[in-house]
Amino acid sequence: MLFGTSKLVTEYINRGESYDKVSKVDTVSRLYPEYYILKVNGFNRGAKSPLEEWIYYLNTGEIPSTTTAPGLEEARERLKPDSMTKDELAAYYRHSDNIVILRDNINTEREEGRAEGREEEKRENARNLKQLGVAVALISQATGFSDEEIEQL
């Protein structure tokens, strides 16, 4: 329990997630979570409620395919790497890393495209102002372009 509490205090990120997913402790309830200690040793019957499904998982380490308890599907996904071979795990991590790199590349390209679009719009506005007969010095002041750049438009 102490480990779980201390982990909440530190910044963390899951492998394969982008850096905007970094979480920080921001409430007292996250800093001092409530814990319930359940005795699961005698739990040998089929689960009927979400709590019983969780207890079944905690007792057996198995998550039935018919589970409906909130969070167990996520737990199943997070536990997949534990059942992989060394080669499968290496491929899984390479794939996760590649996804992060591709997302980062897409975001970078998107930002660069937006910057190019803003620059082109600024040039178009300067061109229109020049055609309307606005003074070059005023256009330069409004757009940040040099007088020479405006003359070339």
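A residue is called buried when its relative accessible area is under 20%, exposed when that area is over 50%, and partly exposed in between (1.4 Å probe, protein chains only). By that scheme Glu73 is partly exposed, with a relative accessible area of 41%. The model is predicted, so that local features need pLDDT of at least 70 and side-chain atom pairs count only at pLDDT 80 or more, while totals for chains, interfaces and linings use all residues. Residues are numbered from 1 along each chain as its sequence is written, and side-chain values use heavy atoms, with hydrogens and water left out.

**Overall architecture**

- The chain has 7 helices and 0 strands, where helices (H or I, at least four residues) and strands (E, at least two) are DSSP runs numbered from the N terminus.
- Of its 153 residues, 14% count as buried, and the accessible surface comes to about 12100 Å², with 54% of it belonging to carbon and sulfur atoms; these areas come from the Shrake-Rupley method with a 1.4 Å probe, and for residues only the protein chains shown count as cover.

- Thr67 sits in the loop between α3 (50-60) and α4 (72-79), and it counts as buried because its relative accessibility is 11%.
- Apart from neighbours within four places in sequence, Thr67 is in contact (heavy atoms within 4.5 Å) with Glu53, Leu72, Glu73 and Arg76.
- With Glu53, the side chain of Thr67 makes a side-chain polar contact of 2.8 Å, a term for a pair of N or O atoms within 3.5 Å in which, within protein, one must be able to donate a hydrogen and the other to accept it, and for which residues adjacent in sequence count only if both atoms are side-chain atoms.

**Salt bridges**

- The structure holds 6 salt bridges, each defined as a side-chain nitrogen of Lys or Arg within 4 Å of a carboxyl oxygen of Asp or Glu.
- Arg76 forms one of them with Glu73, the closest N and O atoms being 2.9 Å apart; the two residues are separated by about one helical turn because they are 3 residues apart in helix α4.
- Arg76 is partly exposed, at 22% relative accessibility.
- Lys80 and Glu77 are joined through their side chains in a salt bridge of 3.0 Å, N to O, with Lys80 partly exposed at 38% and Glu77 partly exposed at 41%.
- In helix α5 (residues 86-131), Arg127 and Glu124 are 3 residues apart and therefore separated by about one helical turn, and their side chains meet in a salt bridge of 2.7 Å, N to O.
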